[in-house]
Amino acid sequence: MGRIVKVSGPLVVAEGLADAGMADVVLVGDQHLRGEILTMTGDRASIQVYEETAGLAPGAEVSSTGSVLSVELGPGLLENIYDGIQRPLEEIRELTGATLTRGIEVPALNRTRKWTFTATVGVGDVVQSGDIIGTVQETSAIAHRIMVPHGISGKITAIESGEFTVTDTVATVDGKTPLTLMQKWGVRKGRPYRRKSLPVTPLQSGQRVIDTLFPLAKGGTAAVPGPFGSGKTVVQHQLAKWSDVDVVVYIGCGERGNEMT
């Protein structure tokens with residue numbers, strides 16, 4: 001627990017956080033505004049607050065959560081809309097109305113909704129990180145594969161199919177490690193992979209000018225610079241329609257509401 005000594009826009013400086021660590025998520029002030037430690041000098045921390053800091057004053061309390069900024073991965077992500085720190089905007093609107101209340105905390109994945117889990121491994125099977133232990137039919141088109149989290153391996157000692165929330169235990173490894181439908185992952189840590197393939201197959205974008213002059217590769221990246229109203233978002237839509245994917249993730253920064261829709 002520390003106390004604020006300086007506020008400068010989104011930057012807050014607090015003292016008394018000697019036990020906190022770099023990149024820890026902290027809760028600032030009475031409204032528990034979420035922030036992240038940028039630098040540490042002794043017990044003094046410089047914190048970036050992810051919400052409006054109007055009204056914060058020296059002396060207000062700051063507490064460290066002891067964990068880095070993370071996201072929740074599991075059934076319920078698809079067809080949802082989140083802000084930059086993975087707060088579900090539609091659920092918040094149902095709770096507080098159209099205005100986002102400062103400091104509001106709502107789990108990214110619904111804790112009460114139950115999902116039908118179908119196990120694909122059995123007791124006695126040996127699994128390792130990334131192995132699929134079962135599936136959840138998240139939408140009519142997408143079967144969400146439930147995997148063994150990174151860093152966990154061993155023998156399945158208990159597993160069952162049925163209706164579960166994302167926090168319920170669906171399986172146990174070596175009799176001591178519970179597995180749920182949800183995983184947490186630090187946003188600044190890259191997801192592990194076994195092999196990375198070079199993008200060599202052309203992507204047919206459906207636009208002859210792109211395919212002729214600015215060809216793209218499947219698995220590659222594209223940048224579409226341009227002024228307001230030039231059609232950048234329309235090009236994004238076109239690329240998404242013609243790409244060979246089951247899920248499209250749209251990330252917008254400073255976009256208008258109709259762009260996100």
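In the predicted model, strand β1, which spans residues 2–8, pairs in the antiparallel sense with strand β6, residues 61–68, over 2 bridges. Within this pairing, R3 has E61 of β6 as its bridge partner. Strand β6 is also paired with β3, residues 24–28, again in the antiparallel sense and over 4 bridges, and here V26 stands opposite S64 of β6.

A further set of strands forms an open sheet of 4 strands, arranged in the order β11-β10-β8-β13 with antiparallel pairing. Because β11 (143–147) and β13 (162–164) stand at the edges and each has a single partner strand, one side of each is left without a neighbour in the sheet. From one strand to the next, the twist averages 35°. In general, strands of a sheet pair through backbone hydrogen bonds, either parallel or antiparallel.

The largest nonpolar core of the model comprises 20 residues, and those with the most contacts inside it are F117, I133, I159, V170, L179 and L181. Two or more residues are given to this core by each of the elements β8, β10 (132–137), β12 (154–159) and β14 (169–173), of which β14 gives the most, with 3 residues. The surroundings of L181 illustrate how residues from separate parts of the sequence come together: leaving aside neighbours within four places in sequence, L181 is in contact with residues including L73, W115, F117, V136, I146, F164 and V170. A second, separate core consists of 15 residues, among them V12, I37, V49 and V62. In soluble globular proteins, nonpolar side chains tend to be buried together.

Helix α3, which covers residues 232–242, contains the buried residues T233, Q238 and L239. What covers the buried residues of this helix includes β18 (216–217) and α4 (257–260). The loop between β18 and α3 contains P225, and this proline is exposed, with a relative accessible area of 72%, a value that lies in the exposed class because that class begins over 50%. P225 and A171 are separated by 54 residues in sequence and, from C-alpha to C-alpha, by 47 Å in space.

How values were computed
Residues numbered from 1 in each chain as written. Predicted model: local features only at pLDDT ≥ 70, side-chain atom pairs only at ≥ 80, totals over all residues. Heavy atoms only, no water. Buried < 20%, exposed > 50% of the residue type's maximum accessible area, 1.4 Å probe, protein only. Contact = heavy atoms within 4.5 Å. Pairing = 2+ DSSP bridges. Axes fitted to C-alpha atoms, helices over the stretch in contact; angles between N-to-C directions. Core = buried A, V, L, I, M, F, W, Y, C linked by side-chain atoms within 4.5 Å.
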